[in-house]
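Here are some notes for a colleague who is opening this structure for the first time. Please keep the sequence and the 3D view at hand while reading the numbered points.

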Amino acid sequence: MDANLNLGILNGQYSTPGEPDKYSKDAEKYFKKVLAKDPVNASALVGMGNLGFNKGKTDEAREYYEKAVKIDSWDPDIWLNLARVALKQSNKEDARDYCGRASKLDSGDHVRDIVTALKCN
């Protein structure tokens, strides 16, 4: 895994949702470095989507998640991120669809617990 991707993920985990802080700025910088070299890196796209979501920029988050899911449609977590955005945008129908896709890919506790928490089933 690319060191910049790891640094982006780490900084993203320490960032404070809703607040522009050093960690979110650094995470964005590292994810952009990864995407400059590898524009189809699904993990970096998801990272950028997470940063957008945490800043309340749901349209931006959705764009990144949609790019990521086109690259890696087998990752249930990307579908769950799209469901979070859809719910935030009051689009329950899309949220149900995305949760359903995630559930078909992984019927384990992880996905089931998130689908239940999102209340999109």
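1. In which helix does asparagine 81 lie? Asparagine 81 lies in helix H5, where helices are DSSP runs of H or I with at least four residues, numbered from the N terminus.

2. A word on the basis of these notes: this is a predicted model, in which local features need pLDDT of at least 70 and side-chain atom pairs count only at pLDDT 80 or more, while totals for chains, interfaces and linings use all residues. Residues are numbered from 1 along each chain as its sequence is written, and side-chain values use heavy atoms, with hydrogens and water left out.

3. Asparagine 81 has a relative accessible area of 12% and is therefore buried (under 20% relative accessible area, with exposed over 50% and partly exposed in between, for a 1.4 Å probe and protein chains only). Leaving aside residues up to four places away in sequence, asparagine 81 touches Val46, Asn50 and Tyr65, contact being heavy atoms within 4.5 Å.

4. Asparagine 81 also belongs to the group, with Ser43, Val46, Gly47 and Asn50, that lies nearest the centre of the largest pocket, which is lined by 19 residues. A pocket here is an open set of points on a 1 Å grid over the protein atoms alone, where a 1.4 Å probe fits, with protein on both sides within 12 Å along at least five of seven lines, and lining residues have an atom within 4 Å of a point. Helix H1 (3–14), helix H3 (42–54) and helix H5 (76–88) each supply at least two residues of this lining, and H3 gives the most, with 7 residues.

5. H3 itself is mostly covered, since 10 of its 13 residues are buried, among them Leu45, Met48, Leu51 and Phe53. The buried residues of H3 pack against H1, helix H2 (22–37), helix H4 (58–71) and H5.

6. At its start, a side-chain oxygen of asparagine 41 reaches to within 3.1 Å of the backbone nitrogen of serine 43, and just after H3, glycine 56 takes a positive phi of about 85°.

7. Finally, threonine 16 is found in the loop between H1 and H2 and, at 34% relative accessibility, counts as partly exposed. The C-alpha atoms of threonine 16 and leucine 51 are separated by 9.7 Å, although these residues are 35 residues apart along the chain.

How values were computed: A polar contact is a pair of N or O atoms within 3.5 Å; within protein, one must be able to donate a hydrogen and the other to accept it, and residues adjacent in sequence count only if both atoms are side-chain atoms.
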